[in-house]
Every structure is written in C-alpha cells, then in structure tokens.
Amino acid sequence: MILACGSDDGSEPPPSSVCETGSNPNVTFTNSFTDLDDIAHIEPLGELQAFHNFSAHTYVFIKPEVTEVPVYAPVDMDLVNVTFNGTDYQPTFRASCEVVIRFGHITNPVSTIRDAVVTQGIPLFDAQAPTLASFSAGERIGTTSGTVQAKSFDFGVYHSERSLTFLNNDRFHPVETFRHTTCPYDYFSTDLRNQMYDLFGPKPIAQPLSCRGPRGRAGTIAGPWFDTEEVFSTPYHGQTEFSPLLVATTLNGTVKIVRGTESNVYRTLLGAATHADPEEVTTEHCYEMESGGYFYFQLQTDGTLRVVRETSGTCPPEFPSSGYMTYYR
C-alpha cells in the first residue's frame with residue numbers, strides 16, 4: 001500500500017513563515033511514539049520491500065503475542081491531514097513548519113483523527129493546510145494492530161530544509177517523500193534514540209548500525225537501477241512502473257533483490273556459498289536464490305549493469321554472452 005504523496009511535483013516547499021504551526025527546524029521529540037516493549041523490531045530507512053524502489057519511512061513490527069499497541073504523539077504536533085484506505089488510517093502531522101510526521105496503518109485512531117478523514121493526501125509541506133486538531137507530546141493518538149500480513153505500521157518524518165542525496169537525484173527528487181525523508185529516531189532525546197536504535201533488525205546485525213537511507217554505492221552493483229536510460233520528470237513513486245531493480249543487504253546480512261512490480265523478494269542468505277555484499281561487488285557476481293535460480297550481475301565500464309535472471313539452475317562459470325538485460329543509474 002502506498003501512502004498518498006500529494007502532488008510530488010518537485011517544487012520546493014513554500015516559505016515556512018505562513019504555516020500555522022510555527023517555524024522550528026530543530027524539533028526534538030520528547031516522548032516515545034509507542035510502547036517499545038511491545039515492538040519486535042524496527043526496519044530503518046532503505047530496507048528492501050516488494051513494490052518499493054526506496055522505503056521513505058520506517059517499518060515498526062509488533063511482537064507476535066501482542067494484539068495491538070498504542071501510538072503516541074512524540075512531540076507537540078498539529079494534525080493537518082488524514083486518509084483512509086478502507087482498512088486503516090494514515091494521519092499527517094506538523095511538528096513545525098519544517099518537520100512533518102506521518103503514520104501509516106493505524107487501525108484505531110482516536111475519534112478526532114477518525115472524524116477528520118479526507119479523500120486524498122496533500123503535499124508534505126502545504127503551508128496553507130489548516131490545523132485540524134492539536135496533540136500534546138505523549139498524548140495517545142490511537143492504537144494499531146498493524147498490517148494483516150506483517151503486523152507492522154509505518155513511521156516517517158520529513159524535513160523541508162534537508163534533502164536526501166541519491167546517486168542520481170533526478171530519479172528520486174521529484175517525489176517529495178523521497179527527497180525530504182529523514183531518520184525519525186534521530187529527532188528523539190538520547191536515551192529514547194538509543195532504545196529505538198537497539199530495536200533495529202531483524203538481528204543479528206551484520207551491518208554497521210545506522211538509520212541507513214539510500215542504498216546505492218557508486219562503482220558497485222548495490223542500490224537502485226532502472227531499465228530506461230531516460231530520466232522521467234514525473235515518476236510514479238520512484239518509477240516503479242518502469243521495472244527498476246534494487247540490490248542491497250538487510251541488517252541481518254541477507255542479500256535482497258527486488259524487481260519493479262514483482263511481488264517476490266529474492267534472497268541469498270548470509271553464509272550461503274554465493275553470498276557477497278553488493279556494496280563490495282565492483283565487477284561481477286552471481287547470486288543463487290534461496291527460492292531457486294540465480295541473478296548474475298556484470299557492471300560495465302560505462303556505469304551500466306547487465307543482469308541475467310534464471311528461475312532454475314545454478315550459476316554458470318561465466319557471464320552469458322546473450323539473454324541479459326541492461327539497467328541504468
């Protein structure tokens with residue numbers, strides 16, 4: 001499910017001086033957004049998901065034995081938008097004119113939020129959006145059981161004066177949620193931030209602990225790739241309809257490969273014979289998938305990537321001379 005991203009037309013946010021909430025680019029979150037003892041783990045920015053080119057928010061996974069968790073305001077904040085997809089709610093709040101908070105998959109918000117539902121989202125930093133309700137730090141905004149499939153809900157924070165850097169900004173910056181996403185946990189006071197970072201996973205953590213972000217590394221096969229050399233000025237959620245390819249490791253060391261709108265997430269587990277960190281692959285490598293078959297990658301001197309995908313069999317001794325697909329940054 002994709003949250004409404006407003007216009008995402010690439011325009012810069014309007015001046016913060018006209019925003020009702022008031023300007024404060026250095027907001028500090030003083031209260032936890034949920035009961036952390038009930039959380040199994042948190043997937044930070046950039047973790048690989050089916051249908052996603054880049055995850056511009058974090059995923060919060062509820063423990064299997066816990067039915068639902070409360071959701072709290074981490075800071076004084078104003079409700080400016082709520083959408084409903086027939087199953088759950090996606091409220092948007094301003095912590096300041098510069099800092100916007102979004103929750104996704106909230107199954108039981110308080111009535112104030114439920115009654116404010118509209119039919120569509122708004123641009124993240126819509127300075128003209130009126131305050132629909134105000135919440136104090138620590139105030140409950142609802143409860144959630146998360147998604148049916150994964151028991152997870154979304155937590156994202158966006159800053160109008162901070163732009164995330166991708167290997168090819170033109171691919172991503174037209175989508176304002178990509179351009180302005182930040183690590184939600186870095187806004188918390190030190191003790192809370194450390195508790196939330198400790199939940200990053202699933203563990204064991206094989207990668208350096210960070211909130212991650214864009215997964216691309218220049219000169220390697222890691223990160224997002226596209227099957228069109230042309231860069232489109234109005235991509236749909238990062239051009240997922242143009243079958244991009246994403247290659248990266250998760251926090252437990254598993255290599256994940258995602259292709260466009262395919263529902264499968266392909267995996268090579270840490271310790272497997274063909275495992276290799278894609279951030280270290282600078283020429284070519286073949287991964288045999290846990291589900292069968294293989295992906296063979298060959299990085300070209302012109303910066304393009306040739307990819308062979310077979311759904312059965314094992315890695316050949318050398319890269320095939322035909323049958324490959326070419327991807328671009």
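The model is predicted: local features need pLDDT of at least 70, side-chain atom pairs count only at pLDDT 80 or more, and totals for chains, interfaces and linings use all residues. Residues are numbered from 1 along each chain as its sequence is written, and side-chain values use heavy atoms, with hydrogens and water left out. Helices (H or I, at least four residues) and strands (E, at least two) are DSSP runs numbered from the N terminus.

**Largest pocket**

- The largest pocket has a volume of about 680 Å³. A pocket is an open set of points on a 1 Å grid over the protein atoms alone, where a 1.4 Å probe fits, with protein on both sides within 12 Å along at least five of seven lines. Grid points are joined across faces, edges and corners, and the volume is the space filled by probe spheres set on the points.
- The lining comprises 33 residues, of which Q49, Y59, T147, A150 and S152 are the closest to the pocket centre; a lining residue has an atom within 4 Å of a point.
- Two or more lining residues come from each of β2 (58–62) and β10 (152–159).
- By class, the lining divides into twelve nonpolar, 15 polar and six charged residues. Ala, Val, Leu, Ile, Met, Phe, Trp, Tyr, Cys and Pro count as nonpolar, Asp, Glu, Lys and Arg as charged, and the others, Gly among them, as polar.

- Buried means under 20% relative accessible area, exposed over 50%, and partly exposed in between (1.4 Å probe, protein chains only).
- Both faces of β2 are covered, with T58, V60 and I62 on one side and Y59 and F61 on the other.
- Strand β1 (residues 39–43) runs antiparallel to β2 and is joined to β2 by four bridges, with I42 opposite V60. Strands pair if DSSP finds at least two bridges between them.
- β2 also pairs with β10 in the antiparallel sense over four bridges, and D154 in β10 is the bridge partner of Y59.
- T58, in strand β2, has 0% relative accessibility and therefore counts as buried. The C-alpha atoms of T58 and D154 are 5.8 Å apart, although these residues are 96 apart in sequence.

- Strand β5 (residues 89–94) is mostly covered, as six of its six residues are buried. Y89, P91 and F93 point one way, and Q90, T92 and R94 the other.
- Six bridges join strand β4 (residues 77–84) to β5 in an antiparallel arrangement, and F84 has Y89 as its bridge partner.
- The hairpin of β4 and β5 has four residues between the strands, and G86 in this hairpin takes a positive phi near 95°.
- β5 and strand β6 (residues 99–104) pair antiparallel over three bridges and form a hairpin with four residues between them. In this pairing, F93 stands opposite I101.

**Open sheet**

- Three strands form an open antiparallel sheet in the order β3-β9-β7. β3 (69–72) and β7 (108–109) stand at the edges, each with a single partner strand, so one side of each is left without a neighbour in the sheet.
- Two bridges join β7 to strand β9 (residues 140–144), and P109 is paired with G142.

**Aromatic contacts**

- The structure holds 24 aromatic pairs. Rings of Phe, Tyr and Trp (its six-membered ring) pair if their centres lie within 6.5 Å; planes under 30 degrees apart count as stacked, over 60 as edge-to-face and the rest as tilted.
- The rings of F54 and F178 have centres 5.8 Å apart and planes at 75°, so the pair is edge-to-face. F54 lies in the loop between β1 and β2 and F178 in helix α3 (residues 176–180), so the pair ties together parts that are 124 residues apart in sequence. Both residues are buried.
- F295 and F297 have ring centres 6.0 Å apart and planes at 5°, so this pair is stacked; both F295 and F297 are buried.
- The charged end of R329 sits over the ring of W225, 3.7 Å from its centre, and R309 lies over the face of Y266 at 4.6 Å from the ring centre. A charge sits over a ring if NZ of Lys or CZ of Arg is within 6 Å of the ring centre and within 35 degrees of the ring normal.

**An exposed loop residue**

- S322 is found in the loop between β18 (305–310) and β19 (325–327), and is exposed with a relative accessible area of 51%.
- S322 and V308 are 14 residues apart in sequence and 8.7 Å apart in space, C-alpha to C-alpha.
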